[in-house]
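User: I'm new to reading protein models. Could you walk me through a few features, one at a time?

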Amino acid sequence: MSNALRIPRIVTLIISCIFLLSACGGNSTDLSPGGGASTDCTQPASNDQDGCLYTSITDADGQFDAYVVTVDSITLTRADGAVVNVLSNSTSVDFSQYADLAEFISLQTVPPGIYTRGSIVLDYTDADIEVDVNGTATPAKVVDSNGNAISRLTVSIDLASGGDLILKPGVPQLFGLDFDLSASNLIDTSTTPPTVTVSPVLYAQINPDLDKTLQLRGPLVSVDTASNEFTLALRPFYSRSGDFGSPAVHVTDSTSYLINMQSYTGATGLAALDAAGATTAVLVRGSFDYSSDTFVASEVDAGSGVPGGTLDAVEGVVTAVNGNTITVRGATLIRAQQSAVFRDTVTATDGTDTVVREQGNTTTGFTTADISVGQHVLFMGTLTDTDATSLALDVTKGYALLMHTHVGATVSAVGSGEVTLAVQSFEGRPASLFDFTGTGSDPAAYLTSTGSLSLSGINDGDPVEVSGFVSPFGATPPDFSAASITDYQAANAHLVVGYAVNGGSTAPFMSLDANSGMVIDMSNPAIGTAHFVRKGPIFTSLTAALDPTIKPMSGLGIYAIKQADGSLQLFITFSSFVSALQTDLNGSARVEGIFAIGDYDQTSGDMNANRIAVVFR
């Protein structure tokens with residue numbers, strides 16, 4: 001193994017900065033009698049003895065309708081070997097809901113020092129992992145790379161070599177964790193039930209430059225109108241109890257509020273929040289200001305419009321509208337005073353008394369006519385049918401919140417202040433699942449208003465994601481109003497080929513050479529249902545019509561081989577990587593998956609990659 005490197009300990013990444021994380025364990029000495037940090041960190045700078053650590057969790061997009069697992073613990077290890085648990089209580093997380101969000105999971109007072117590593121424990125015992133099978137969310141069987149059922153996984157975090165977490169008295173830090181669903185899981189829908197093979201990939205970053213909206217939630221503790229801030233008892237991911245910390249939230253004159261479904265801005269909104277009183281349910285979205293070490297709210301929802309309060313709630317994407325009957329798919333059902341569960345389909349019934357508001361918009365005048373196909377929506381009402389196969393929610397006296405909708409598409413045409421899109425997905429659900437009857441919209445030619453947004457550099461054929469709101473039902477074009485548009489043409493592509501048939505493949509490559517590259521044989525009968533290239537929100541299936549060739553980018557890369565015994569080899573030169581692969585592919589060793597990140601040419605099938613991994617089983 002002379003050509004292999006030790007796993008690099010880089011500032012932004014947990015052990016496998018590319019694709020692979022090995023489960024591990026170990027003993028340690030706790031810093032406190034209870035093994036955990038203190039949560040009395042209401043004001044980050046008020047404690048002169050300890051540091052204050054915000055921990056957030058998000059995920060990279062994956063092909064899941066639901067991915068609910070329990071995060072049991074997150075620990076950090078100081079340079080002297082002492083260990084502190086920065087998550088006081090376990091909590092269930094649906095990672096499929098957090099591709100565009102990051103959420104605070106804890107705020108802890110942590111003893112000062114230099115922290116170099118840690119671990120996170122994921123419990124799959126009662127996991128709810130569901131994938132799309134012919135348009136239906138279907139519970140999957142979850143296994144490791146050896147086909148064994150998974151219960152608990154302990155994943156190591158390495159923060160050393162310039163990426164140490166240095167906690168000083170009174171100085172808060174933000175510790176971000178990113179669970180990459182796409183790289184962590186191989187999906188095979190050819191089996192019954194579908195099979196998901198898990199090898200967790202988790203990234204860690206100190207004071208990350210978040211490009212996602214950051215949110216936190218929990219019951220209101222207090223409001224300080226003089227200081228323009230309020231405090232919550234943090235309750236991540238619909239947790240009902242437990243001490244996760246009490247963060248202070250700062251507001252500005254431009255902060256928008258939706259309190260008991262009434263809209264406010266600035267000081268009037270903060271006063272209304274104060275009037276709502278302690279224990280009022282609050283959901284906040286905003287950003288972390290590193291210059292002042294504070295969380296600054298852009299949007300605050302409170303009271304009856306927040307899931308988990310006095311009303312039942314359903315959040316999902318509208319797939320059909322028939323009169324006042326609305327079909328919601330990919331729905332998260334949050335029962336009043338109970339926990340959240342995933343349900344693939346829920347039917348909502350609205351009426352003339354349904355209060356409709358738009359996220360981030362303080363104007364009124366919205367009606368149920370603004371609820372149309374493709375819209376991401378939150379309904380608040382009363383569950384009238386508890387049959388698991390035909391859930392129904394009555395919102396005739398309830399509320400509807402139109403939320404930012406994310407549309408994955410390729411550009412068909414670029415005009416002045418508009419683009420025409422060929423839509424692949426709404427909120428990650430395939431466009432083929434949506435019934436546009438009565439809307440006047442065609443997802444294959446979806447006219448999107450971009451207003452004053454810059455369209456510079458956006459060209460026909462580019463993969464894009466637009467975020468905004470669907471036009472009212474039956475309205476004349478445009479079909480969608482974009483608040484943002486992201487062009488992924490120049491972004492890295494992610495190649496995934498999984499071998500789920502007959503225990504993997506002994507010959508995955510047509511040719512394997514350090515000069516000509518790795519040519520994947522797409523006619524290999526061992527290839528399962530996972531064979532695609534993803535660029536941003538757009539997935540392109542790999543077929544036998546074009547055998548992709550993976551070549552290295554210029555300079556050093558990161559190339560990995562994970563053996564069947566779980567050991568991991570990393571290489572910085574493509575030639576040494578290929579040489580090791582040629583030795584490993586001895587006619588009996590079986591490959592489970594091939595992964596690559598880099599520039600992909602859809603016409604030629606060539607990928608110039610600086611990160612490649614081959615997994616044996």
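User: Let's start with Thr-77. Which strand does Thr-77 lie in?

Analyst: This is a predicted model, so please read every value here as computed from a prediction. Thr-77 belongs to strand S3, which spans residues 66–78.

User: Is Thr-77 buried or exposed?

Analyst: The idea is to look at relative accessible area, where buried means under 20%. Thr-77 has a value of 10%, so it counts as buried.

User: And which residues is Thr-77 in contact with?

Analyst: Setting aside neighbours within four places in sequence, the contacts of Thr-77 are Ala-82, Val-83, Ile-114, Tyr-115, Thr-116, Arg-117 and Gly-118.

User: Now a helix, please. Which residues of H2 are buried?

Analyst: Helix H2 runs over residues 267–276, and its buried residues are Gly-269, Leu-270, Ala-272 and Leu-273. They span an arc of only 160° around the axis, so they sit on the same side of H2. Ala-267 and Ala-275, on the other side of H2, are exposed.

User: What covers the buried residues of H2?

Analyst: The cover includes several strands: S16 (213–224), S17 (229–232), S19 (256–259), S20 (262–265), S21 (281–289) and S22 (294–302). Also have a look at what follows H2: Gly-277 comes after the helix, and its phi is positive, near 95°.

User: How many residues are in the largest nonpolar core?

Analyst: A nonpolar core is found by joining buried nonpolar residues through their side-chain atoms. Here the largest one has 68 residues, and those with the most contacts inside it are Tyr-67, Ile-74, Tyr-124, Phe-230, Leu-273 and Val-284. Strand S7 (residues 113–133) contributes the most to this core, with six residues. There is also a second, separate core of 43 residues, with Leu-391, Leu-393, Val-419 and Ile-485 among them.

User: Which residues is Val-284 in contact with?

Analyst: Beyond neighbours within four places in sequence, Val-284 is in contact with Leu-214, Gln-215, Leu-216, Phe-230, Leu-232, Val-249, Phe-295, Ala-297, Glu-299 and Val-300.

User: One last stop: where does Pro-472 lie?

Analyst: Pro-472 is in the loop between strand S33 (463–470) and strand S34 (480–487). With 34% relative accessibility, Pro-472 counts as partly exposed.

Conventions
Residues numbered from 1 in each chain as written. Predicted model: local features only at pLDDT ≥ 70, side-chain atom pairs only at ≥ 80, totals over all residues. Heavy atoms only, no water. Buried < 20%, exposed > 50% of the residue type's maximum accessible area, 1.4 Å probe, protein only. Helix = DSSP H or I, 4+ residues; strand = E, 2+ residues; numbered from the N terminus. Arc of directions from axis to C-beta. Contact = heavy atoms within 4.5 Å. Core = buried A, V, L, I, M, F, W, Y, C linked by side-chain atoms within 4.5 Å.
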